[in-house]
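Welcome, and please load the model in your viewer. We will go from one selection to the next.

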Amino acid sequence: MSTCTIALAGNPNSGKTTLFNVLTGSNHSVGNWPGVTVEKKHGKVKLNKKIDVVDLPGTYSLTAYSMEERIARNYIVDDELDVVVNIVDGTNLERNLFLTSQIIELGKPVIIALNMMDEVEKNNERISIDKLSDELGIPVIGISALKADGIENLLEIVMEVYNNKDKYQPKPWKYSKEIENKISELFNKIEKLNLIDSKYPNRWMALKLIESDKEISEKINLRIDSRNEELEDKLVEEKYKRIGSIVNKCLETKRKFNEFTASDKIDRVLTNKLFGLPIFGMIMYLTFWLTFNVGGIFMDLLDGFVADVVQPIVGSFLIGVGAAEWLQSLIIDGIIGGVGGVLMFLPNIIFLFLAISLLEDTGYMARVAFILDKAMRKIGLSGKAFIPMIMGFGCNVPAIIATRTLENEKDRMIAILINPFMSCGARLPVYVLLSTAFFPGNEALVTFSLYILGFVMAIIMAFIFKKTLFKSEPSPFLMELPTYRMPSIKNVLLKLWLRVKDYITKAGTVIFVASVVVWFILGYNITGAVGINESFGAAIGKMISPIFKPLGFGNWQASLSLIAGLLAKEVVVSNMAIIYGLGDAVAEAALEGNASGFLPTLSAAFSQVSAYAFMVFILLYTPCVAVIGTIKRETKS
Amino acid sequence: MTLKEVDKKRIVTVKKVNAKGSFKRRLFDMGFVNGTEVYIEKFAPLGDPMEIKLKGYNLSLRHVDANLIEVE
């Protein structure tokens, strides 16, 4: 039997990705803010291998105005697709069904997965599923994606619909006479065009022409003669009227405006006129406190473990088996030194990502955009552009992809280009390393100042871009403020693990290879094994170092680290770890709160000022290869 | 009267959307059509944007944009 392909379509933040993960058993990132999924994803259903599932980007509608909506509607009509599963947020029935009405128009069999039924119950609401199914003329299944309730039932119906496609062909909605007349007039015109390669139903195209849909009217080279705006308004109005009456019939208890949910009450505090901004500042401070102070404690423990346990054990093992001296050096200095030097910062990374995951899952991210929109507008960006900026503190790659939620193409370009100024997690080890060494007692402050500096640079650049390269009118700002949710521990841990896995994978691959290369070029030259100062690395570093002389770190060691950092910013640290034999020394210094008594080479190479200059340079110079690749892909340049 | 001029904690009904093109469609998608009831929840700490409730969900929009929505 052939495979059945289903697509998950629905409003942003309706739980599509959660359902996708439940269905496929995969681990895609989800969050409680609209627009987490920006690309369509494929997977196989775990419980039934005959079903392929595609997660479409979340959309409110299927117009031609945004990239995601075009992706979604083009895929829905694709021949490969058999059944559309429309995820509808049960707590937000009315607006969600607007998209449903448009999916039905596209003519593919549709099933509604009525999500968040557990929350509907908690809100003391009741939805009659049978009535809803009758009214819409399509199957409706109540589920809770988060709790994985109703999934088997859903899959059963999917197969039933797949095997009887004709029976489940949705009936198009009928409108008032005035609109129906126009539809049949346009329908006839379209039919005469005899479009063989068009996958869209003719009635749908007629509706789109009434809505003056640019893509369709260009595609079939047919324009509605008198741009009848009144008719367009009326069409939408009738749709909503019908949805309203369906909802009235199916929703047994409807919440009134003056019945406030717990979410409303939380929001009154968090976005309060007086306290909203201070609370935001506190949350940001807490994030960094968690990352540096709490993460720092674990970092010291980990470092001590590597230096006092791993290195001696591996060392004596190597001596025991009679390993050659060069091999001992490769493993101890090169691999454990280099990879270990990067892994040492894992606790900081974990706490930073944990904080970002929590901000995403609770629904606070959207409030950040709400609070800061007015300030962001001063530099010509929307509050929504702030979300990718915060994500950039984790890693610039997903952050740049997240800019797709910005409607205005020019704003998006700016948001992409300024993102690398946000200090990503990979730059964090460099800051922690140098600030611990040179600014003992003030390391958190010094590191924080670098984050601020990057942020200020981003703001300045955004302002300049807006005034020069990407001039445009301010784009409208319409943003859903999702209900606050208690983050699911499973989701948060899952997301954390995905990100941590990335970091560890990088340490095991890119940084491993880089460490071996660095170890080699620092220990050898053309004549064989030599002292570090005669090595290849020293020669390369010395060649470039004059460039950095004016910046105060014109030594070859620093220059070589910067070049290596193009690959990935963590390599800067593994490079320095090998050069200076770091590790235990940093931990000791941190414990003693004293920088002068240790690391003669490092403190000889940098002064406080040049160390700071070096960190600033790390912050501002070229992004790593992965980010450059993402920028290239996302800007199509 | 436009949505911009409505005070906090009031309920109004949308009459007409005076926007153009893609923004008009976006307002439609979010539920702003003749007859929709809107509740003004609050304003952001810096005064703008505003938060409103309609069709059972919360939405934020700016004053400039709210000015294009005729209500009564």
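Which residues form a positive surface patch? Select A:Lys273, A:Lys374, A:Lys378, B:Lys8 and B:Lys9, and you have it. Patch members have over 30% relative accessible area and no salt bridge, with like charges joined within 9 Å and nonpolar side chains (Val, Leu, Ile, Met, Phe, Trp, Tyr) within 5 Å. Those areas come from the Shrake-Rupley method with a 1.4 Å probe, and a salt bridge is a side-chain nitrogen of Lys or Arg within 4 Å of a carboxyl oxygen of Asp or Glu.

This is a predicted model, where local features need pLDDT of at least 70, side-chain atom pairs need 80 or more, and totals for chains, interfaces and linings use all residues. Residues are numbered from 1 along each chain, chains are lettered from A, and side-chain values use heavy atoms, without hydrogens and water.

Stay on A:Lys273, which sits in the loop between α11 (262-270) and α12 (276-320) of chain A. Helices (H or I, at least four residues) and strands (E, at least two) are DSSP runs.

Next, select residues 41-44 and 51-55 of chain A: β2 and β3 run antiparallel, joined by four bridges (pairing takes at least two DSSP bridges). A six-residue hairpin connects β2(A) to β3(A), and A:Lys44 has A:Asp52 as its bridge partner.

Now try A:Met116, in the loop between β5 (110-115) and α4 (117-122) of chain A. Its phi is positive, about 65°, although A:Met116 is not a glycine.

Finish in chain B, where the peptide bond from B:Asp48 to B:Pro49 is cis, with omega near -5°. B:Pro49 lies in the loop between β2 (37-43) and β3 (50-54) of chain B.

Terms used: Lys and Arg count as positive and Asp and Glu as negative; His and the chain ends are not counted. The place of a charge is taken as NZ of Lys, CZ of Arg, CG of Asp or CD of Glu.
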